[in-house]
Every structure is written in structure tokens, then in C-alpha cells.
Amino acid sequence: MVQYSADFARRVAALCCAKFDDLPKSGKPQPREWTVLAGVVQCIETSMSSRRVGTCMGENSRGDVGCGNHDLHLSVVALGTGTKCLGDSKWCELGTRIHDSHAEVVAKRSFQRYLMDQAQVQLSGQPSIFETIISAHGPKLKLRKAITFHLYVSFTPCGDGSIFPQQCLDTNRTGAKCAPGEALDPKAPGSLYHRHGVLRTKPGRGPFSSSHCCSDKLFRWSVLGAQGCLLMGILQCPVYFESITFGACPFNYDAINRALHT
């Protein structure tokens, strides 16, 4: 098993930021505006890869990094920005509106599109990130062993992952609200302001939103995978993010570990 180093995490972050910088200015935040950036980086181990796998990587931002006895080839395959979501009053059951536009969710949608494109390539008989196996339920696709995916987010996720103590005896707070049916935040002074381990919905001052916070969604993806239910119908097993890298922001490892694994 490959152990990913701090240098690897820095390279993942640098590739995502460089890819964002390379994009046209249209649609980007202005210099005085603030947003969150998220990206998915594909990693191929040189010792296990081949020309057939390498050709599927396209012309995305790429970089190579050493990791122990492995040479890893990195490529940005999905990117997203955003901090907004729709309130329930603006939801559309026909699916013609994007309810959750937080960066992590936008990047995950882009990643699913990439996986679907690669699945189509594989089913057409061309080299892709997948291999075809025969199971008891017929042909299925499986991610090649040489390939892993790594998520980068420039800021800690809203929700439980953003709740942690600070040196001033206060707590780093989240705008994510306790979901209906969950115990409410005590909102007591200092470290007792928030309640840990409850489901939360997206933050915002507008109409209430039923979209779950990013901490809860990252937890769900760590269990069910990031491929989505539609693609799962032709996959042998889920596709997971092998690692998550956060940018230079307020961060607490214990809070992230609590949010993503408990």
C-alpha cells in the first residue's frame, strides 16, 4: 500500500490551483471575491501502469512525484468552485436546477462525468481507466489497480469538520444548521456553542435548504463511494477517494477525522 506524504498532498493542491489559474477569467470570482475550490486528481503508479492506461489521461494538468519506491503520475480530472445552494422553496423535482453548488459537490459531479466518459470508452473497446471483468451478474467494470483518486478542497467542509476548539477558548464555528429531527446546538459560550456528531444542512441566511452539509456528504462518499448510484449499476465495486487534502485554512485533524469516520 502506498503511503502518501506531505509532499504528495502539496503536489495535489498545486495541480488543482494551477488548473484553476489556467482557466479563462469568465465565470471566475473577481480579485476581491472569495470562493472555495475543489478538485479531483488521478494518480497512476508508474510501476503498474502502461501505455494503454496512460493514453486515457488526456491533456489535463499533470505532474509527477516520487512516493517511496513508486513514481506517481498525477492529473487533474475534475474541478469545481462554489459556496451557494438553493433553498427548498426553489427546488425543482424535474432535476433542471442544481440544488447544491458547494465546491466539493460540483467537483464530485464533474468527477462522475469523467467516470461515465471513461466507462463509455471502455465499453467501446478502447483503453480506459477501467478493466472489464466477468462476474456472476455478467460483465462489470473495475477500476485498474494502478489508479487512485485524490480529493483537494481549499477550505474545511461546512458542518462537523469545521467545529473545533481554538486557542482563545472559543470554538471554530460552522454556519451549517442542525437537520430536522436532530438535537439543536446549545449555543452556549465558548467551546459549548456547537453540538458534535449531528446531521447538518447547508449554511446560509436565505430560505432553509435540505441539502446536507459537505462534512456529511464527504462521510457518505467515504462509505458508498463517489461514483453515484447510476454508474454503480455497471461497476463491480465503488470508487473511493484515496485521500483528501485541505488547503491553507483553519484546520483540525481530530475534527475532520470525527466528521468523516464517525
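This is a predicted model: local features need pLDDT of at least 70, side-chain atom pairs count only at pLDDT 80 or more; totals for chains, interfaces and linings use all residues.
Visitor: Why is T174 called buried?
Guide: Buried means under 20% relative accessible area, exposed over 50%, partly exposed in between (1.4 Å probe, protein chains only). T174 has 11%, so it is buried. T174 lies in the loop between β10 (171–172) and β11 (177–178).

Visitor: What does T174 contact beyond its neighbours within four places in sequence?
Guide: Contact means heavy atoms within 4.5 Å. The partners of T174 are C158, G159, S162, I163, H194 and R200.

Visitor: How do you know that strand β8 is largely enclosed?
Guide: Strands are DSSP runs of E, at least two residues; helices are runs of H or I, at least four; both are numbered from the N terminus. Seven of the seven residues of β8 (residues 147–153) are buried, so the rest of the structure largely encloses it. Both faces are covered: I147, F149, L151 and V153 on one side, T148, H150 and Y152 on the other.

Visitor: Which strands pair with β8?
Guide: Two strands pair if DSSP finds at least two bridges between them. β1 (residues 37–45) has seven bridges to β8, antiparallel. β13 (residues 241–246) has five, parallel. V40 is bridged to L151, and Y152 stands opposite T245.

Visitor: Which residues of α1 are buried?
Guide: They are F8, V12, A13, L15, C16 and F20. Their arc, taken from the directions from the helix axis to the C-beta atoms, is only 155°, so they are on the same side of α1. The face turned away carries the exposed R10, D21 and D22.

Visitor: What makes a set of residues a nonpolar core?
Guide: The members are buried Ala, Val, Leu, Ile, Met, Phe, Trp, Tyr and Cys residues joined through side-chain atoms within 4.5 Å. The largest core has 33 residues; V40, F130 and F149 are among those with the most contacts inside it. The largest share, seven residues, comes from α3. A second, separate core of 14 residues includes F8, C16, L74 and L79.

Conventions
Residues are numbered from 1 along each chain as its sequence is written. Side-chain values use heavy atoms; hydrogens and water are left out.
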